[in-house]
Amino acid sequence: MKLIILNDYDQVGEWAAKYIRNKILRFNPGPDRFFILGLPTGGTPLGCYKKLIEFYRNGEISFKYVKTFNMDEYVGIPRNHPESYHSFMWNNFFKHIDIKSENTHILDGNAANLVEECDSFEQKIQSAGGIDLFVGGIGPDGHIAFNEPGSSLLSRTRVKTLAQDTILANARFFDGDMSKVPTMALTVGVATVMDAREVMILITGAHKAFALYKAIEDGVNHMWTVSAFQQHPQTVFVCDEDATLELRVKTVKYFKGMMHVHNKLVEPLDPK
Amino acid sequence: MPSNKYVSDSTIIQFVNCKILREHKLQRDDLWVREGKILDPEKLFFDEKRSADQRVDCKGLIIAPGFIDVQINGGYGIDFSQATNDVRGGVALVAKKILEHGVTSFLPTLVTSPPNIYHKVLPEVKVHSGGMEGAGVLGFHLEGPFISLEKKGAHPEQYLRSFLSDGISDLIETYGTLDNVAMVTLAPELANSHTVVRELTGRGITVSLGHSVANLSQAEEAVQCGASFITHLFNAMLPFHHRDPGIVGLLTSDQVPHGRTVFYGMIADGIHTNPAALRIAHRAHPSGLVLVTDAIGAMGLPPGRHTLGQQVIEIQGLHAYVAGTKTLCGSIATMDMCVRHFKQASGCSVEEALEAASLHPAQLLGISHAKGMLDYGGDADFVLLDDALNVRATYIAGQEVWRK
């Protein structure tokens, strides 16, 4: 694991965006060689998306030969609902860049057969050749995507019922009316993300600090599903100071000491 | 901006680098158009998996819905109330020229006239969409002859009429037809007016109160029967009085049926309404304000003397006087001038100024699902303006019909 500790939210977004940019550029995608990216939604990756859009506008990167797979989507709300993850991805990312619609994949929460939809999503990832880099976030309860506490660490893309806490927390996006909040979601499984060749997790804020501690300093445990990535050979955790508040001083000092090495990963690449 | 070439119907055009007026705010967002309608790009992306065929760089300009003028009597030497041999040509000429002012739809207005004029003129022009040839005609605005003698203004006294029988017969006898009529201005204090207001409203024709000495109760009754507009507020009506506000009182009346709005036309040329009065009206009822030009045939003509029909007019700047006098004979301001003047005089926001010329008239006419807004599925009638609200280009059905 590489633990990248930065000062604040904005720096996390920028570092992560540069990392993704460099990964894509080094991969050198083309018409028969797509870069496959797994993507999250939510407040944490917003800063990263903004930076990636900036890099696209500057001409530093193109998404023409990039395919994306999103982690999750609500079940049962219209695709153009302002809170759907389709809307989130369109408004915050896709509409600002040059990605082709047929290269984006988001689970369809309105599919006639949800199980088939999930299986077909797994198939599509396989057909694309697997995911090169899966970007994700972490919930305060240590979940990755909608793999809430107790989700099997070997789980695959499936239908999940949302926890009461999650529904409560989401009510603010649905006019404060709990009855309007979706109760189910489709989500990639823990193992689906583990299958990616590389995983990058973004964590910002003090409210995520305990989850980060559980994820990297405690054992692998299905109650804190992000801990599964301790067994992945290529994981990068990118966090801000506040998110380190529950870690050991030793851990923080160790990884801060490596920043000069890790920062090389985000330096601008020499033009080929 | 590239000039418009012939494009196939399903070409998708994306207007980028612009500020669009949407949901009452100017937002940095792209505008997508296909087959003359505003397109939802998110649906296009996820459902059809298509992207734009053509991109137009708006270089930071504002995109607002096209302006709608519900009271314009002519322009460029054309007077709509004259039964010439080429009524259609006259309307078409004005329709073409007002594209330069950002107007994409209008109501050619006829002042009080004898029946033979209506019978000759009305059948000549049908409701039709705009395009390269000019702004679209949404129907006629018939201002009179069922108005008050005391408030006739410049209307010819001998052609004023009242509702003698059941009202509708008077309308048909006078106008000949109600087809292609979008609005009628009348004085509600005339006897039998209630039946008329109800009948017209029932036919989808907007009823406007004007050239009237009605008191507030009479005006409120007319609104309850269906009237929804006030023709050039303050002009040709009783002045506001604190014990009987008259028609002006409709702006804050509590007798307006729930869910309905009373709109009012303002000639914001800086001449016909004192800016302080404009501000009072705007502050009392901002969502009802509709900018109108009430332009006469002299609008668009160069300064100096012109003979229009029986009159000799002298144009000095924004004033049109009866030649040799200081008597105003009508407005010659253009719609974009009115928008700029309204913003400056009222201190309102850019969004409010633009909506007074687009959204509000569309709401008044009951067509705001298609016009007056840049919502998905609406008609792609819009205007490109700079930050000072000067018109740079006009589009109808997604096609550029005028460029500065």
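**Loops, contact and pocket**

Analyst: B:Pro145 lies in the loop between strand 13 (140-143) and helix 4 (168-175) of chain B. Helices (H or I, at least four residues) and strands (E, at least two) are DSSP runs, numbered from the N terminus. This is a predicted model: local features need pLDDT of at least 70, side-chain atom pairs count only at pLDDT 80 or more, and totals for chains, interfaces and linings use all residues. Residues are numbered from 1 along each chain as written, chains are lettered from A and ligands numbered from 1 in written order, and side-chain values use heavy atoms, leaving out hydrogens and water.

User: Which residue does a cis peptide bond join to B:Pro145?

Analyst: B:Gly144, with omega at about 5 degrees.

User: And what's phi of B:His211?

Analyst: Near 50 degrees, a positive value in a residue other than glycine. B:His211 sits in the loop between strand 15 (206-209) and helix 6 (216-225) of chain B.

User: OK, the contact. How many residues come from chain A and from chain B?

Analyst: Chain A gives 13 residues and chain B eight, where contact means heavy atoms within 4.5 Å.

User: What area is buried there?

Analyst: About 1,000 Å² between chain A and chain B, with carbon and sulfur atoms giving 58% of that. Buried area is the accessible area (1.4 Å probe) that the two parts lose on being put together, summed over both. A:Arg79, A:Trp90 and A:Ser101 supply 60% of what chain A buries against chain B, more than any other three residues.

User: How many salt bridges between chain A and chain B?

Analyst: Two, counting a side-chain nitrogen of Lys or Arg within 4 Å of a carboxyl oxygen of Asp or Glu. In one salt bridge, A:Lys95 meets B:Asp29 at 3.3 Å, N to O.

User: Which helix gives the largest share of chain A's side?

Analyst: Helix 3 (residues 85-92) of chain A, with three residues.

User: Switching topic: what's the volume of the second largest pocket?

Analyst: About 1,200 Å³. A pocket here is an open set of points on a 1 Å grid over the protein atoms alone where a 1.4 Å probe fits, with protein on both sides within 12 Å along at least five of seven lines. The volume is the space filled by probe spheres set on the points, which are joined across faces, edges and corners.

User: How many residues line the pocket?

Analyst: 46, each with an atom within 4 Å of a point. B:Asp79 and B:Val111 are among those nearest its centre.
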